[in-house]
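Reader: Hello! I am new to reading protein structures and would like to look closely at a single part of this one. Could you walk me through it?

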Amino acid sequence: METDPQGTNQRIWHVVASIPKGRVSTYGDIARFAGLGRAARRVGWALRQLPSDTRVPWHRVINSAGKLSLPSTSDAGRLQRKRLEKEGVTLRSGDRIALATYRWIPGDACR
């Protein structure tokens with residue numbers, strides 16, 4: 001059982017806030033960068049806890065297959081796609097993103 005869920009959320013949100021425009025990261029990557037090991041599902045839970053007026057760029061977090069996890073027919077899914085495209089991230093068919101091109105790793109220089 002987590003002893004400090006809000007502190008864990010803050011760590012996750014801090015990592016997500018570090019993702020530069022035009023780049024993406026996976027739920028698993030965020031978990032590792034936040035010191036949570038393989039707790040990818042915990043990252044999803046933390047992102048769902050964000051306030052509606054957040055400035056944390058949640059839309060830059062995708063699944064390990066390089067796909068958007070939100071349904072493309074949902075409001076949030078459409079918003080995620082729109083924000084990523086506005087930042088120059090190209091989505092291929094099936095809402096796929098080329099991780100080799102757009103994946104962010106802390107310490108990497110932006111491409």
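Which residues of helix 3 are buried?

Author: Happy to! Please keep in mind that this is a predicted model. The buried residues of helix 3 are Arg42, Val43, Gly44, Ala46 and Leu47. Their cover includes helix 1, helix 2 and strand 2, which runs over residues 61–62.

Let us take valine 43 as our way in. Leaving out residues up to four places away in sequence, valine 43 touches Ile12, Tyr27, Ile30 and Ala31. Val43 also belongs to the largest nonpolar core, a group of 17 residues. Ile12, Trp13, Val16, Ile30, Val43, Leu47 and Val61 are the members that touch the most other members. So where do the members of this core come from? Helix 1 (5–17), helix 2 (27–33) and helix 3 (40–48) are the elements that each give two or more residues to this core. Helix 1 supplies the largest share, with four residues. Apart from this core there is another one of nine residues, including Leu68, Leu84, Val89 and Tyr102.

Here is a handy idea for reading helices. An α-helix has 3.6 residues a turn, so residues three or four places apart point the same way. With that in mind, look again at the buried residues of helix 3, among them Val43 and Leu47.

Asparagine 9 has a relative accessibility of 2%, so it counts as buried, the cut-off being under 20%. Not counting residues up to four places away in sequence, asparagine 9 touches Arg42, Trp45, Ala46 and Gln49. Two of these, Arg42 and Ala46, are among the buried residues of helix 3.

Next, let us step back to the whole chain. The protein has five helices and four strands, and along the sequence they follow the pattern α-β-α-α-β-α-β-β-α. Its radius of gyration is 13 Å, close to the 13 Å that the globule rule gives for 111 residues, so the protein is as compact as a globular protein of that length. The C-alpha trace spans about 40 × 30 × 25 Å along its principal axes. Of the 111 residues, 41% count as buried. Among contacts between residues at least 6 apart in sequence, 60% join residues at least 24 apart. The accessible surface comes to about 6,700 Å², and 51% of that belongs to carbon and sulfur atoms. As for charge, there are 20 positive and 9 negative charges, with mean positions 4 Å apart.

Arginine 92 lies in strand 3, residues 91–92, and with 49% relative accessibility it counts as partly exposed. Leaving aside neighbours within four places in sequence, arginine 92 is in contact with Ile97 and Ala98. The C-alpha atom of arginine 92 is separated by 35 Å from that of proline 5, which is 87 residues away along the chain. Aspartate 95 is buried, with a relative accessible area of 10%. Its phi is near 55 degrees, a positive value in a residue other than glycine.

Conventions
Residues numbered from 1 in each chain as written. Predicted model: local features only at pLDDT ≥ 70, side-chain atom pairs only at ≥ 80, totals over all residues. Heavy atoms only, no water. Rg over C-alpha atoms; globule rule 2.2 N^0.38 Å. Buried < 20%, exposed > 50% of the residue type's maximum accessible area, 1.4 Å probe, protein only. Contact = heavy atoms within 4.5 Å. Areas by Shrake-Rupley, 256 points an atom, 1.4 Å probe, with all protein chains shown as cover. Lys, Arg positive; Asp, Glu negative; His and termini not counted. Charge placed at Lys NZ, Arg CZ, Asp CG, Glu CD. Core = buried A, V, L, I, M, F, W, Y, C linked by side-chain atoms within 4.5 Å.
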